[in-house]
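Me: I have just opened this entry and would like to be walked through it. Could we take it piece by piece?

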Amino acid sequence: MRNLQGRLDLCSINTATLGHREALSVTIDRIAAAGFGGIAPWRHEMENANVADIARQIRALGLSVTGYCRSTYVPAANRAQFKANIESNKAALRDAATLGARCFVMVVGGLPEGSRDLNGARAQVIEGIAELLDTARECGVPLALEPLHPMYAADRAVLNTLAQALDICAQVDPGHGGFLGVAVDVYHCWWDPALQASIGRAGQDDRLLAFHVCDWLRETRDLLLDRGMMGDGGIDLAAVRSDVEQAGYDGLVEVEIFSKENWWRRDPDEVLRICADRLQTVC
Ligand code: ZN
């Protein structure tokens, strides 16, 4: 496993970690000034910015873009909406290419409003990924399927384990074309008894595109917005990173913390300092 001591160049900050309280250009400067090697911005941050300008700023600071967050949910109540969702994702893929993103993060979506058809939603996800894969190839930006903890199956993602994501990769991209893989986020996957085996399989299949860290707080108060700082919860982060790197992952370690009541209320530079410290001591 790589030693992260003094190697913040191997570490990236997902901008959600700072709570999206400032303009993206300010956040980019902060992350670069703190010494990190990468950044993962969000689409909604581009609404008041020009993607080409942002790309130039990121490049000038020498940051790599470890992921572009995130997909429009795929499953829909009707075909017109499904098609609109796919088109929205194609547009985002083009922006991801402008940004030079290493992957486009796919949070695939939950059940359509009012639906109880879980299998149908999962089938739509597979169909949507197959359709987006061509655009991903054209843009040169791989799709990173991010399985979410099953507590989000209804509203955010019907893709819930790494094994399930890898099965979809094998089905949609049997030739291993290099533009479809997975994002391993410890918050979503740490509980999975098959995690180590699935990480090994992802490595063998050459599908490891991103690695996201935070922690699971034992007394978690909110299932979306109370992620812990690395070292404050129950995840053996070093063990998971060891598995991921043993499986061949050589990309950056990305911090992604949603924390409405705690970290999003703190001074952004303090948050970055603590991220840097924990990355080098507990990850
Ligand atoms: Zn993530």
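Me: Which residues are exposed on the other side of H2?
Reply: This is a predicted model. In it, Arg 59 and Ala 60 are exposed on that side of H2.

Me: And which residues of H2 are buried?
Reply: Helix H2 spans residues 51-60, and its buried residues are Val 51, Ile 54, Ala 55, Gln 57 and Ile 58. They lie on the same side of H2, because they cover an arc of only 160 degrees around the axis.

Me: What do the buried residues of H2 pack against?
Reply: Their neighbours are helix H1 (24-33), strand S2 (38-40), S3 and helix H3 (79-99).

Me: What caps the N-terminal end of H2?
Reply: Asn 50 does, with a side-chain oxygen 2.8 Å from the backbone nitrogen of Ala 52. Just after H2 comes Gly 62, which takes a positive phi of about 75 degrees.

Me: Changing topic to the sheet: in what order do the strands come?
Reply: The order is S3-S2-S1-S9-S8-S7-S6-S5-S4. These nine strands form an open sheet with parallel pairing. Its edge strands are S3 (64-65) and S4 (68-69), each of which pairs on one side only.

Me: How many bridges are there between S4 and S5?
Reply: Two bridges pair S4 with strand S5 (residues 104-106), in the parallel sense. Within this pair, Tyr 68 stands opposite Phe 104 in S5.

Me: What about S1, are its faces covered or open?
Reply: Both faces of strand S1 (residues 11-14) are covered. Cys 11 and Ile 13 are buried on one side, and Ser 12 and Asn 14 are buried on the other.

Me: Which residue in S9 is the bridge partner of Cys 11?
Reply: The partner is Val 253. S1 and S9 run parallel and are paired over three bridges. Three bridges also join S1 to S2, again in parallel, and there Asn 14 stands opposite Ala 40.

Me: Back to Ser 12: what does its side chain reach?
Reply: The side chain of Ser 12 reaches the backbone nitrogen of Ile 39 at 3.2 Å. Leaving aside residues up to four places away in sequence, Ser 12 touches several others, including Gly 38, Thr 66, Leu 252 and Val 255.

Me: Why is Ser 12 called buried?
Reply: Ser 12 counts as buried because its relative accessible area is 0%, and the cut-off for buried is under 20%.

Me: Which helix packs on the sheet, touching S8 and S9?
Reply: Helix H8 (residues 237-246) does, in contact with strand S8 (208-213) and strand S9 (253-255). The direction of H8 makes about 170 degrees with that of S8.

Me: Which residues of H8 are buried?
Reply: They are Leu 237, Val 240, Arg 241, Asp 243, Val 244 and Glu 245. The elements covering them include helix H6 (186-189), helix H7 (195-204), S8 and S9. After H8 comes Gly 248, with a positive phi near 110 degrees.

Me: One more topic: how many residues are in the largest nonpolar core?
Reply: That core has 96 residues, and those with the most contacts inside it are Phe 36, Leu 143, Val 213 and Leu 279. In soluble globular proteins, nonpolar side chains tend to be buried together.

Me: What does Val 213 touch?
Reply: Not counting residues up to four places away in sequence, Val 213 touches Val 186, Met 230, Leu 237, Val 253, Glu 254, Val 255, Glu 256, Leu 279 and Cys 283.

Technical notes:
Residues numbered from 1 in each chain as written. Predicted model: local features only at pLDDT ≥ 70, side-chain atom pairs only at ≥ 80, totals over all residues. Heavy atoms only, no water. Pairing = 2+ DSSP bridges. Helix = DSSP H or I, 4+ residues; strand = E, 2+ residues; numbered from the N terminus. Contact = heavy atoms within 4.5 Å. Axes fitted to C-alpha atoms, helices over the stretch in contact; angles between N-to-C directions. Core = buried A, V, L, I, M, F, W, Y, C linked by side-chain atoms within 4.5 Å. Buried < 20%, exposed > 50% of the residue type's maximum accessible area, 1.4 Å probe, protein only. Arc of directions from axis to C-beta. Polar contact = N/O pair within 3.5 Å; in protein donor to acceptor, adjacent residues only side chain to side chain.
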